[in-house]
Amino acid sequence: MSGAGRFEAHDERPAPDEKDERLPEHGERERSGGRGEQGHTGGADGGGTGSGDVPHGTEGPDPDGPARIPLPRASVEDGGRPLPDLTDLGDLVIVPLDLPHHVLKSLLGAWALAACSAAETAAVEEHLGACGSCADEARRLREAVGLLHQPESLDLDPALRTRVLQSCLDRRPPHIPVPAWAAPYDAETARLDALLQDFGDAEWHAPVRLRWFDADSATSRRTTVAGVIAHLLSVDGLIAAALGLPDPLARITEAGMRDAVGPAGRTEAFWRTSHFPPTRSVRGPWREQSHSLVRTVSFTGGHAGGLGVSYGDFELPLHDAMLDRAFECWVHAEDIADAVDYPYEPPAPRHLNKMIDLAARMLPAALARRRRTGLAAPARGRHLGVAGEPGRSLRLEIEGSAGGEWLIPLDSPAAQGSADLEVAHVALDGVEFCRLAAGHIPPEEAAVGQVGDRDAIRDVLFAAAGLSRM
C-alpha cells in the first residue's frame, strides 16, 4: 500500500459541513493571531501540515478544562512605579481578619503550633475571648504541643518503675510480696541492670575509680565497669552465704580465701584469682544472684529480717544488710554512669529515706570506733555505761523529699538521743549526705548549715565519711 493511501485511511478530519466542537470558531482563530481562514498555519501553497488540527497550546482558555498554573507576577520594583516612602507608613497595626467561625476553628491547630500569620493570630485570639468551645480546644491543643517539645531529659524517671509496679500490685497483689526492707535493693539492682544492658565492649572496659575514706584520708582504687560489677557480685555474696545460697567465691581455693574477709578482702580475692580481667560476662552471675536474693527473702515472708550477716569486723541484720547493698549499688551505679558520661538519678525518695536512716543509725557506733582509735574527742557524757540513758546529742536534719531529723548520741552507742541535751545542729541535703557517707564528698565541704559544738559537728561529719568502704 502506498504512503498516500495510508494517510488517507487514517485521515479523521471532519467533513467541511461538520462542526468540530474541539476547535474554536473562525473569529476566535483570527483573533488568536497569524492564521489562515481555515485555521491552518499555512495555506495549500504555504507548506503547512495540511492536517487542519490546531497545534497544542494555542487554543484559548477552556473554562471547563483543568486549571492552569498562572504566570509569575511582576515584582513591585519592576513595575516602573515609585516605591512609597517608609516614613509615610506610620505605625503598622495588625488588624484581625473578619473570618467565619468554622475557618477560625480550623486555624486552631496552626495557632497552637505558632504557624499562623500575624493577622490570623490576632483573629484567632480575639475569637477565643468570645467562644468558650474554641478556647477549650485551643487549651488542649497547646498542652498537646507542649508534649511534643519536652524540655526534660529523655531518660526515664527513676521512680517510674516503682510507680508502674505499685499500680499493678494495687490491682493484683502478689502471692509472694517483696518485703519493704528489700524493695530498695530490688529497685536499685534493676536500675543498674537497665543501665548495663546496652553497654558495648568499650563501655565495659571504661576506667572507674572507686572512692572511700580510710582514717580520715581519701582513698581510691582504679578498676573498670566490669570490675565494679565483680565487686558488687563479691560483696552481695555475703548475704547469699548467710541465706544458704551459692557463694560466688566458692571457686576460690583455700589459700586464696585466707584474706577474703569483709567486702574489700572478698573483692581483691575475686579480682586476684580471676584468669582474665572481668568482662561483660560478669553481668549474668551478678544479675542472677540479685534475683535469687530477692526471691529468697520474699519466700521467707520477711521473717528472716533479723538474720545476722557478717561483714568481717562487724555484723548487720539482714534487713539492714539489704539496705546497705541497695545503697552501694546506687553509689557504684553513679560511678559507672560517670565513667561512660551518662546521667543517673538518685533513688526514689522513700527508698533514699531508708538508706539515710540506716546511715544515721550507724553513726553512734562509727563515732565509738573513731574514739577508740584516737580520731575523735573523748566522750564527755555522765552516763556512758547505762544503756538507754539520754546523752549529749547532735540533731541531724536532712533536707529534701527524702529527709527528716535524727538525734545522734555523741558519747556512747548505748545512749539515747535527747533533744534536751542537744549540743549541735547540722543541716544537709539528702543526696549530699549519702555521698558523704559514700566517701565521695570531703567532710569539710559537706555541711550547709552548722550550729553549736564545732568538735561534735566535726566528729559526726568524719564519722559519716568513715562509713564508706570499697
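Q: Which helix or strand gives the largest share of the lining of the largest pocket?

A: Helix α15 gives the largest share of that lining, with seven residues; a pocket is an open set of points on a 1 Å grid over the protein atoms alone, with protein on both sides within 12 Å along at least five of seven lines, and lining residues have an atom within 4 Å of a point. Helices (H or I, at least four residues) and strands (E, at least two) are DSSP runs, numbered from the N terminus. This is a predicted model, in which local features need pLDDT of at least 70 and side-chain atom pairs count only at pLDDT 80 or more, while totals for chains, interfaces and linings use all residues. Residues are numbered from 1 along each chain as its sequence is written, and side-chain values use heavy atoms, with hydrogens and water left out.

Q: How many residues line the largest pocket, and which lie nearest its centre?

A: The lining of the largest pocket has 33 residues, with Asp313, Arg369, Gly466, Leu467 and Ser468 nearest the centre. Among the elements that give two or more residues to this lining are β1 (207-214), α12 (262-273) and α17 (454-466).

Q: What should I look for in the core, and which residues touch the most other members?

A: A nonpolar core is a set of buried Ala, Val, Leu, Ile, Met, Phe, Trp, Tyr and Cys residues joined through side-chain atoms within 4.5 Å, where buried means under 20% relative accessible area with a 1.4 Å probe, protein chains only. In the largest core, which has 91 residues, Leu192 and Leu396 touch the most other members, and helix α14 (residues 318-339) supplies the largest share, twelve residues. A second, separate core of 13 residues includes Trp111 and Val145.

Q: Where does Cys329 lie, and which residues is it in contact with?

A: Cys329 lies in helix α14 and counts as buried because its relative accessible area is 2%. Leaving aside neighbours within four places in sequence, Cys329 is in contact (heavy atoms within 4.5 Å) with Glu188, Thr189, Leu192, Leu232 and Trp286. Leu192, read with the same exclusion, is in contact with Cys329, Leu232 and Trp286, and also with Ile229, Ala333, Ile336 and Tyr344.

Q: How many bridges join β5 to β6?

A: Two strands pair if DSSP finds at least two bridges between them. Strands β5 (residues 390-399) and β6 (residues 404-409) run antiparallel and are joined by six bridges, and Ile398 has Gly404 in β6 as its bridge partner. Four residues stand between the strands of this hairpin, where Gly400 takes a positive phi near 105°.

Key. 1 Å grid on protein atoms, 1.4 Å probe; cavity = no way out; pocket = protein on both sides within 12 Å on 5 of 7 lines; lining within 4 Å. Buried < 20%, exposed > 50% of the residue type's maximum accessible area, 1.4 Å probe, protein only.
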